[in-house]
Amino acid sequence: MAEKQTDESKNSPTSATKEAVKAEATADESKTAPKKETKKAEKKDSKKKVETLNQEIAKLKQQVDAGQDQYLRAEAEIQNMTTRFKKEQAQIMKYDGQSLAKGILPVMDNLKRALEIEVHDESGEQLKKGIQMVHDHLKEALTSNSVTEIDALGQKFDPTLHQAVQSVAVQGDQKPDTVVQVLQAGYQLKDRVLRPAMVVVAQ
């Protein structure tokens, strides 16, 4: 009987062995617990990183949108400036030589006055012919540069083309508000009036 008890005692685990097994299990649990906590912490960190990245992406999108808006505004402003510059350049080209033409007009006035003087001798006639040639050449030069004399005599008074300095009563077949005399010729460059014609108007 004693031998059987000894064999059973050998085969059955002792209390010490049980405690050792429990200790190992506890140790294993203590090892796995930090791993789980570490994984949770890593998940939280990754979520925070994703949120931070999303915020940065949103900020970058706002900056890109703002930059695109500024670019479009700048491009529109450049286009407006270019259009304005082209219009101004076209105006300058269209009315090129305006100041020169205005400076020549008094010369034309003096030549016209000289041609109105009556002469009675041959030298006077020769002189008048020379003045007429100068007048004609100057008029041709002005015309070739789109400077033309305003047609006024016998025309209906137009305040944009004529400057009335005197009015007279209607006589004969004259019509009211009609130019009956031109005191000083007017000129225009293309469609721009350089100087209105000074006229007498029938009322």
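Student: How many residues does the largest nonpolar core have?
Tutor: The largest nonpolar core has 14 residues. Such a core is a set of buried Ala, Val, Leu, Ile, Met, Phe, Trp, Tyr and Cys residues joined through side-chain atoms within 4.5 Å. Buried means under 20% relative accessible area, with a 1.4 Å probe and protein chains only. Met-108, Val-147, Tyr-187, Leu-189 and Leu-194 have the most contacts inside this core.
Student: Is this model predicted or what?
Tutor: This is a predicted model, where local features need pLDDT of at least 70, side-chain atom pairs count only at pLDDT 80 or more, and totals for chains, interfaces and linings use all residues. Residues are numbered from 1 along each chain as its sequence is written, and side-chain values use heavy atoms, leaving out hydrogens and water.
Student: Which residues does Tyr-187 touch?
Tutor: Leaving aside residues up to four places away in sequence, its contacts include Leu-105, Met-108, Val-147, Ile-150 and Leu-194. Contact means heavy atoms within 4.5 Å.
Student: New topic. What order do the strands of the open sheet take?
Tutor: The order is β1-β4-β5, with antiparallel pairing. Strands are DSSP runs of E, at least two residues, and helices are runs of H or I, at least four, numbered from the N terminus. Two strands pair if DSSP finds at least two bridges between them.
Student: Which are the edge strands?
Tutor: β1 (147–149) and β5 (192–195), each pairing on one side only.
Student: And what stands opposite Tyr-187?
Tutor: Glu-149 does, with Tyr-187 sitting in β4. β1 and β4 pair over 3 bridges.

Note on methods:
Buried means under 20% relative accessible area, exposed over 50%, partly exposed in between (1.4 Å probe, protein chains only).
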